[in-house]
Amino acid sequence: MDTQRIIAFIVFSFSILLLWESWQTYNNPKPAVEIQAGKENQQQPSPSAELPQPGQGLKPDSAIADNGQVTQGARVRIITDVIDAEIDANGGDLRKLVLTNYRQNEAADQPFVLLEEKPGRNYFAQMGFVGGSLPTHKTVFELIPGEYRLKDGQNELKVSLKANVNGAEVLRTYTFQRGSYIVDIDTRIVNQGTTVLEGFPYYQILRHGQPPEGESALMYTYTGPALYTDIGKFQKVSFEDIAKGKTEFIKEAKDGWIGLIQHHFVSAWVTRDPADASQREFYTRAIGENEYSAGMIFPVVKLNPGEEKSIGMRLYAGPQELEKMKSLAPGLDLVVDYGWLTILAYPIFILLNWINKLVINWGVSIILLTVLIKLVFYPLSAAGYKSMAKMRKLAPRLQHLKERYGDDRQKLHEGMMKIYQEEKINPMGGCLPILVQIPVFIALYWVLMGAVELRQAPFALWIQDLSKPDPYYVLPVIMAITSYIQVKLSPASPDPVQQKIMMAMPIIFSVMFLFFPAGLVLYWLVNNVLSILQQWRINKVIEAGGQAANDSKH
């Protein structure tokens, strides 16, 4: 097998690898691992079975009617410098959350909507108490409807709701902060009755099971519940498994968070203190037609007559910004999906982010990153290009062998190996540059796919979103031209069929790149240009050295 065939094999294998990885991601989300709780945990009550179900045992003040349809009540609107939110009196749910600094996928002139109340696409943050007589997410709260706006010089905004149920006065307070996607929720319970009150606090996210609007069908990303515990680590629970009742994940732990992730964004319930060791139960449920909930339940709260207690929780609903995720809760940064090359993709992103802080342009940052990567691997690629340049010089001799042995491939191969040995050439050496690039290429692919920092990040001219394909296919076409130049600089195969295959590779490769993010094509294009310059220079040096040797003989 000569160098041309090896390179063709590598390129085709690489293409198949990407397709296989996408297929695997789509059909086989990362499996969760069931870890059995100890006897102590098994003896704990399991209140998740008692959570309110649509149409079952509903009270007159239910926020969800018997037909499963969500009803609207009085509302408050909260506007800060980064969000536009709405809270409904029915359940005290957070039913709308608009991220005003981000744009929609399908309508770049509109702000991005994360939580929403929309037929068939409901997405709420809910909370309450189960297993007792305290309010649930179906209880109607009292609130003063209107608009609350964060004023200049004001760092936080508080909104309170109140409910009176079975002798309990429950005051729920939402706290929104300037420049933050964190929402703190405090609940104060006062037992004004004559009997003991109790309930298990629960916090859940309700969402439809469809992918985000405007998501590309060609680049699948996971959408669904996820949780993290120190025992089970990061686990995904697909909507499909929830619907089938085949979920496997950690059910009880003394740490962890639960949330809902989608491409570039996440909503998650986390404790305020990362060291909080409260026992908690995790659950997922299918609660209606293509609607699901995922949440966690905390230890029972008991109040004697006249007693008062307060509990707190934190909701993060916003972009998957890596550094913020890491500081908010252990394992929350894992919602940023860098694929199976995370060990390589993470440092690439850190370096890319550092460069961007200097140049303030993600496209320029990708170009500079490509140059740095090229410099790091320069000695290795130079050795490969020298091998290819030497083989290029041998093209006439290899062609002579082809003419001499015709279709006798065994003798042709033996003759080629003999020439390689005489000239001390490793025919595999020319493959090293490509082999080195493939892991970096895949890692950068996942960085561009997963990093919200690059979402809708402009470069220049017509490239206004480096995370999406070039809308006019200019970069893929230019990349195809550079790939063609690379083929012409490479040693030609004596086999006409292989020559045709190699000439077709730039076209095949560029067609595949039509659907890749523009930032990735930019990386490969710059890499091609640098490789061409390096190969051209090495070819000239090798040819000049050969010519000098011939002149000295004469």
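**Close-up 1. N191 sits in strand β9.** N191 belongs to strand β9, which spans residues 182-191. Strands (E, at least two residues) and helices (H or I, at least four) are DSSP runs, numbered from the N terminus. This is a predicted model: local features need pLDDT of at least 70, side-chain atom pairs count only at pLDDT 80 or more, and totals for chains, interfaces and linings use all residues. Residues are numbered from 1 along each chain as its sequence is written, and side-chain values use heavy atoms, with hydrogens and water left out.

Why does N191 count as buried? Its relative accessible area is 1%, and buried means under 20%, exposed over 50%, partly exposed in between (1.4 Å probe, protein chains only). A polar atom of the N191 side chain lies 2.8 Å from the backbone oxygen of T195. N191 also touches G167, V196, L197, L303, N304, P305, G306 and E307, leaving aside residues up to four places away in sequence. Contact here means heavy atoms within 4.5 Å.

**Close-up 2. E215 lies in a loop.** The loop runs between β10 (197-208) and β11 (224-229). E215 is partly exposed, at 23% relative accessibility. Beyond residues up to four places away in sequence, E215 touches N105, T221, T223 and H263. E106 is 109 residues from E215 along the chain, yet their C-alpha atoms are separated by 8.2 Å.

**Close-up 3. The largest nonpolar core has 119 residues.** Such a core is a set of buried Ala, Val, Leu, Ile, Met, Phe, Trp, Tyr and Cys residues joined through side-chain atoms within 4.5 Å. In soluble globular proteins, nonpolar side chains tend to be buried together. Y174, F176, W257, W269, L332, V335 and F513 have the most contacts inside this core. Which helix gives the most to this core? Helix α10 (residues 432-450) does, with 11 residues.

V335 touches F234, W257, I261, V266, Q320 and M325, not counting residues up to four places away in sequence. A second, separate core has 5 residues, among them F200, Y202, Y283 and I297.

Close-up 4. Helices α5 (342-359) and α6 (362-376) each supply at least two patch residues. The largest share, 5 residues, comes from α6. V364 is in α6 and counts as partly exposed, at 31% relative accessibility.

Definitions and conventions:
Polar contact = N/O pair within 3.5 Å; in protein donor to acceptor, adjacent residues only side chain to side chain.
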